[in-house]
Amino acid sequence: RLGYAEPAINYFCLLCLNTDLPGSLGKSQASVCHEALREFILETRDFAKLLGDIRADGTRIKGVIEQRLSLIKLVDQEEFLRTITVQAAAVADDKGLITDAVLLYHLAEDYDRVIETINRALSDAVGVELGSSALKLQPLRPRIGKAEQGKDQGGLPEPGSSLSLTSVESPVDLARNMIGLYNTNALYYQQIRQVNRDVCAMLVRMMEAKCEVEAGKWTPALDVSTLPSFDSIPAWSWL
């Protein structure tokens, strides 16, 4: 199950073969399948492969479950997938898996929660004492191609994987990547509360100032306070 996620999903699909049986027996087959999928998603933490991923340009990559929706007999396919995604995001968030939670909230189209989650990670990073090791995130598990399934974690990611967005260790890099994506699309941007945008910009500037202080660059640290706001900062110019 853990080493071969896609074949495991295929097995769960087989549970739905008898959904055409009359009465409650047919319905129970679908219920067992859907519950097994929920448990499996949370157990494997292979969210990008199972539920979907995003490329650097914001386009969505379908997960293996979405590719098989008709096989698992979903009445409201979009709502089921969104509900599963939100549940997985909440669990990942509770466990401190920030990059996982960010991806899942994005896939669930809760863009405000994405920035809110990033802000918490940035706050923790700001709170690390000067001279101590920087806070590092656990990067998102890459989408591994079929040929690499079951091998050691040095496997190659699938072509087109969005490793540039959520497979990062730095909270600042994660913030830049997601804000850069949201700044290019009004559909995303308009759903993020102004207070969260402002807090994110402030925290990123604080992290930049902190890095300058640690390097003994006092004047650049003071200059950080004059940087423009969240609204006008392109992702490539934040360094």
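Predicted model: local features only at pLDDT ≥ 70, side-chain atom pairs only at ≥ 80, totals over all residues.
**Stop 1: the whole chain**

Display the entire protein chain. Its secondary structure comes to 11 helices and two strands. Starting at the N terminus, the elements follow the order α-α-α-β-β-α-α-α-α-α-α-α-α. The chain has 239 residues, of which 45% count as buried. Among contacts between residues at least 6 apart in sequence, 67% join residues at least 24 apart.

**Stop 2: helices H1 and H2**

Select residues 5-14, which form helix H1, and residues 24-44, which form helix H2. The two pack at an angle of about 160°, and their axes lie 10 Å apart. H1 and H2 are therefore roughly antiparallel to each other. The crossing in which H1 passes H2 is right-handed. To see where they meet, show the side chains of Ala5, Ala8, Ile9 and Phe12 on H1, together with Cys33, Ala36, Leu37 and Phe40 on H2.

**Stop 3: arginine 68**

Next select arginine 68, in the loop between strand S2 (60-62) and helix H4 (77-94). Is arginine 68 buried or exposed? Its relative accessible area is 11%, so the residue counts as buried. Leaving aside neighbours within four places in sequence, arginine 68 is in contact with Glu6, Ile9, Asn10 and Cys13. With one of these residues, asparagine 10, the side chain of arginine 68 makes a polar contact of 2.7 Å, side chain to side chain.

**Stop 4: aspartate 93**

Move on to aspartate 93, which lies in helix H4. Because its relative accessibility is 15%, aspartate 93 counts as buried. Which residues does aspartate 93 touch, not counting those up to four places away in sequence? They are Ile98, Ala101, Tyr105, Thr117 and Arg120. Display the side chain of arginine 120 as well: a polar contact of 2.5 Å joins it to the side chain of aspartate 93. Then place a distance label between the C-alpha atoms of aspartate 93 and tyrosine 105, which are 9.7 Å apart in space and 12 residues apart in sequence.

**Stop 5**

H5 is mostly covered, with 10 of its 10 residues buried. Among these buried residues are Thr99, Asp100, Leu103, Leu104 and Leu107.

H5 passes H6 in a left-handed crossing. On the H5 side, the contact is made by Ile98, Ala101, Val102, Tyr105 and His106. On the H6 side, the residues are Tyr111, Arg113, Val114, Thr117, Ile118 and Ala121. By class, the residues of this contact divide into eight nonpolar, two polar and one charged.

**Stop 6: glutamate 109**

Select glutamate 109, in the loop between H5 and H6. Most residues other than glycine have a negative phi. What phi does glutamate 109 take, although it is not a glycine? Its phi is positive, at about 65°. This residue comes just after H5. With a relative accessible area of 41%, glutamate 109 is partly exposed.

**Stop 7: helices H8 and H10**

Finally, select helix H8, residues 171-183, and helix H10, residues 194-214. Their axes come within 10 Å and cross at roughly 140°. That angle makes H8 oblique to H10. The crossing of H8 and H10 is left-handed. For the contact, show Val172, Ala175, Arg176 and Ile179 on H8, and Cys200, Val204, Met207 and Glu208 on H10. Six residues of this contact are nonpolar, none is polar and two are charged.

How values were computed: Residues numbered from 1 in each chain as written. Heavy atoms only, no water. Left-handed = near helix turned anticlockwise from the far one by under 90°. Helix = DSSP H or I, 4+ residues; strand = E, 2+ residues; numbered from the N terminus. Contact = heavy atoms within 4.5 Å. Nonpolar A, V, L, I, M, F, W, Y, C, P; charged D, E, K, R; others polar. Buried < 20%, exposed > 50% of the residue type's maximum accessible area, 1.4 Å probe, protein only. Polar contact = N/O pair within 3.5 Å; in protein donor to acceptor, adjacent residues only side chain to side chain. Axes fitted to C-alpha atoms, helices over the stretch in contact; angles between N-to-C directions. Parallel < 35°, antiparallel > 145°, perpendicular 65-115°, else oblique.
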